[in-house]
Amino acid sequence: MSGINPFDNRYLLNDRGKSGSPSRKRSDRDENAAIAGKINELYRSFMQSYVRRINDSTFKVTIGGIRIGSAKYSRLAQINLKSRIITFSRYAIENVPERGRRYLVLHELAHVLEASHNKHFWNLV
């Protein structure tokens, strides 16, 4: 015998003709999604208090909330000026040093007072 256990589910074909248990793969995906959701909630909570501290000591503008997005390179942070919800990239939270995160927060908060990147905006930042 070749050492393969014929009763081992890893060697059975699932409904797509591939080896492995479909229920195991689905439960792994569900578990990974649950973990990612918890991490995003921790990041949102952290950024909410972080933004509040910076806003209270600088611009004192009203914001609508904080969201965590998934952009990796294009938009590290953005603000919706109608709802005033600031979205931070998970990549920015994980990989940008604190000084850079502070700049992102100040940049987005300044947009509440000045929408475009004109001289007034850069004086605020």
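Biologist: Which backbone oxygen does the side chain of Ser-89 reach?

Modeller: Start with the rule for a polar contact: two N or O atoms within 3.5 Å; within protein, one must be able to donate a hydrogen and the other to accept it, and sequence neighbours count only if both atoms are side-chain atoms. Here the Ser-89 side chain reaches the backbone oxygen of Ala-71 at 2.3 Å. This is a predicted model, in which local features need pLDDT of at least 70 and side-chain atom pairs pLDDT 80 or more, while totals for chains, interfaces and linings use all residues. Residues are numbered from 1 along each chain as its sequence is written, and side-chain values use heavy atoms, without hydrogens or water.

Biologist: Where is the place of Ser-89, and is Ser-89 buried or exposed?

Modeller: Ser-89 sits in strand S3. Strands (E, at least two residues) and helices (H or I, at least four) are DSSP runs, numbered from the N terminus. For cover, read the relative accessible area: under 20% is buried, over 50% exposed, in between partly exposed (1.4 Å probe, protein chains only). Ser-89 has 2%, so it is buried.

Biologist: With which side chain does His-107 make a polar contact?

Modeller: The partner is the side chain of His-117, at 3.1 Å. His-107 belongs to helix H3, residues 98–113. Its relative accessibility is 10%, so His-107 is buried too.

Biologist: Back to S3. How many bridges join S2 to strand S3?

Modeller: Pairing needs at least two DSSP bridges between two strands. S2 and S3 (residues 85–89) have four, and they run antiparallel. One link to look for is Asn-80, whose bridge partner in S3 is Ile-85.

Biologist: Which residues of strand S2 lie on its covered face, and which on its uncovered one?

Modeller: S2 spans residues 77–80. Ala-77 and Ile-79 form the covered face. Gln-78 and Asn-80 form the uncovered one.

Biologist: Which residue takes a positive phi in the hairpin of S2 and S3?

Modeller: Arg-84, in a hairpin with four residues between the strands. Its phi is about 60 degrees, although Arg-84 is not a glycine. Arg-84 is found in the loop between S2 and S3. With 30% relative accessible area, Arg-84 is partly exposed. Lys-60 also has a positive phi, near 55 degrees, and is a residue other than glycine. Find Lys-60 in the loop between H1 and strand S1 (65–69). Lys-60 is exposed, at 61%.

Biologist: Now charges. How many salt bridges does the count come to?

Modeller: Side chains of opposite charge can pair when their charged atoms come close. The rule for a salt bridge is a side-chain nitrogen of Lys or Arg within 4 Å of a carboxyl oxygen of Asp or Glu. The count comes to two. Arg-44 meets Glu-41 at 2.8 Å, N to O. Arg-90 meets Glu-94 at 3.0 Å, N to O.

Biologist: How many residues apart do Arg-44 and Glu-41 lie in helix H1?

Modeller: Three, about one turn of H1 (residues 22–57). Arg-44 is partly exposed at 25%. Glu-41 is partly exposed at 41%. In helix H2 (residues 90–95), Arg-90 and Glu-94 are four residues apart, so about one helical turn separates them. Arg-90 has 24% relative accessibility and is partly exposed. Glu-94, with 40%, is partly exposed.

Biologist: How many aromatic pairs does a search of the whole structure find?

Modeller: Three. Take Phe-121 and Trp-122: the ring centres are 4.9 Å apart and the planes stand at 85 degrees, so the pair is edge-to-face. The rule pairs Phe, Tyr and Trp rings (six-membered ring for Trp) with centres within 6.5 Å; planes under 30 degrees apart are stacked, over 60 edge-to-face, the rest tilted.

Biologist: Is Phe-121 buried or exposed?

Modeller: Phe-121 is buried, at 0%. Trp-122 has 43% and is partly exposed. Trp-122 is part of helix H4, residues 119–124.

Biologist: Which residues make the nonpolar surface patch?

Modeller: Tyr-103, Trp-122 and Val-125, with about 270 Å². Patch residues have over 30% relative accessible area and no salt bridge; like charges are joined within 9 Å, nonpolar side chains (Val, Leu, Ile, Met, Phe, Trp, Tyr) within 5 Å. Accessible areas come from the Shrake-Rupley method with a 1.4 Å probe, and for residues only the protein chains shown count as cover.
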